[in-house]
Amino acid sequence: MVTSRARGRWAALLLAGLTPVVAELTLGNPPLRQAWLLLLWVPIYGAGTVLIRELVRRTGRGWLAILLLGAAYGIVEEGLALQALTSPTIYGVADWAPRILGLNSAYTELNIPYHAVFSVALPILLVDLIVPDLRHRPYLGRTGLVVAGVVFVLGALLLRWTTAFIDPGYQAPPAVLAAFVLAIAVLAVLALRFVPRPTDVPAAAPRTVPAPPVVACLAGVMAFGYLALLFPFGGAHHPAFTQGGWVAVPMLAAALLAVVAAVLLRRWTAPGGWHDRHSLALAGGALVAHTVFGVIANGENTTDRLSLAALGLVMTVLLALLSRIHRPA
C-alpha cells in the first residue's frame, strides 16, 4: 500500500516534470525535435514550482500567494539567470518596445505574468486536479523542501552557465541585480506574510459562475489575446504590428486584459459557485489557446508547426480524460 508521504513525493515529481512541459514545450519553445532541452530546465522550472507550492501550502496561503511567488520566479529566471529583462541584445527583445529604466519593457510585461501563470499556477492547478486528496497539503517533508530549494538554485546557475540561452557578452550591472533581488524579496514577503489566508477571508455570498465551457472559452481568448498583444509574430518586429509610439497601445491593452481576467477570477472563485470542473476548464482553455498561439508564432517550419499541433491534440485528449474524473455524479 502506497503511503501518503510516498504519494506526496510522486506528486512532487509529477509537478516538477509537468512544469517545463506546460511552460515551454506546449508553446513550441523549444520545438518538439529539441525536447531534450527540457532536461536543462527541469531543475529551475520543476524545483522552483515545487518549492513555491510547498511554501504556500506550509503557510496556509492561497492562489494570490502562488501568483506573487510565480512573479518572483520569473524575475529569478529572466532577471538573474538569463538576464533577458535588461540585456540590450538577447533574443532581439530590446527592439520590441522602448527600454524603460533599463528594462526591456514589452518583454518584461509579457514574461513575468507568463511565468506566474504558465510556469507556476497552471502546473500546480493541474496536479491538484490529478491528485485532489493532496491539494491542501505539502507534498514533501522538511528535507524535501530543502532539496527543492537547493536544486532550484543549482538550476538557476546551470541556466546562467549554459551560453546557448544567454547573451554571453552581457552582464547586468550590480545595481540592477540588487534591485531584482529586492523585488524578489518583497514579493516573497508579501506572498507568505501579508496575503490573507483563505480561512481568514470572510465568507461571501455565492456568486453566479459561468458554465465550464464558457470559462474555457474566456480563458482561451484572454490567454491568446495577452500573448498576441505582446509577442511579435507573423514577421512583425514590435507588439501587435505597431510602429514607434503606437507600441504603447497593445502594451496598455494587455495590461487591461490582465486586470479584467484578475477581477473576473476573483469574483467567480468565491466559495460556493466555483468547482473543479471550472478549474479544469480554466486551465484547459488557457493551455489550448497558448498552444494555438505557439503554432502560429513559434513554428520555424511546417514540420515544427505540425508536431506542435499534434502535441496540442495529445494535450487536449489528456485534459478530456482528466475531465471525466471530475464529471458530476
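Two residues are in contact when they have heavy atoms within 4.5 Å of each other. This is a predicted model, in which local features need pLDDT of at least 70 and side-chain atom pairs count only at pLDDT 80 or more, while totals for chains, interfaces and linings use all residues. Residues are numbered from 1 along each chain as its sequence is written, and side-chain values use heavy atoms, with hydrogens and water left out.

Begin at Asn298, in the loop between H9 and H10. Helices are DSSP runs of H or I with at least four residues, numbered from the N terminus. Apart from neighbours within four places in sequence, Asn298 is in contact with Leu27, Gly28, Asn29, Phe231 and Phe293. Asn29 is 269 residues away along the chain, yet its C-alpha atom is separated from that of Asn298 by 7.0 Å. Residues are called buried under 20% relative accessible area, exposed over 50%, and partly exposed in between (1.4 Å probe, protein chains only). Asn298 counts as partly exposed because its relative accessibility is 22%.

At its start, a side-chain oxygen of Asn301 comes to within 3.1 Å of the backbone nitrogen of Thr303. Among the buried residues of H10 are Leu308, Leu311, Met315 and Leu319. The buried residues of this helix pack against helix H4 (105–130) and helix H9 (276–297).

Elsewhere, Leu157 lies in helix H5, residues 142–161. Leu157 is partly exposed, because its relative accessible area is 34%.

Definitions and conventions:
Helices (H or I, at least four residues) and strands (E, at least two) are DSSP runs, numbered from the N terminus. A polar contact is a pair of N or O atoms within 3.5 Å; within protein, one must be able to donate a hydrogen and the other to accept it, and residues adjacent in sequence count only if both atoms are side-chain atoms.
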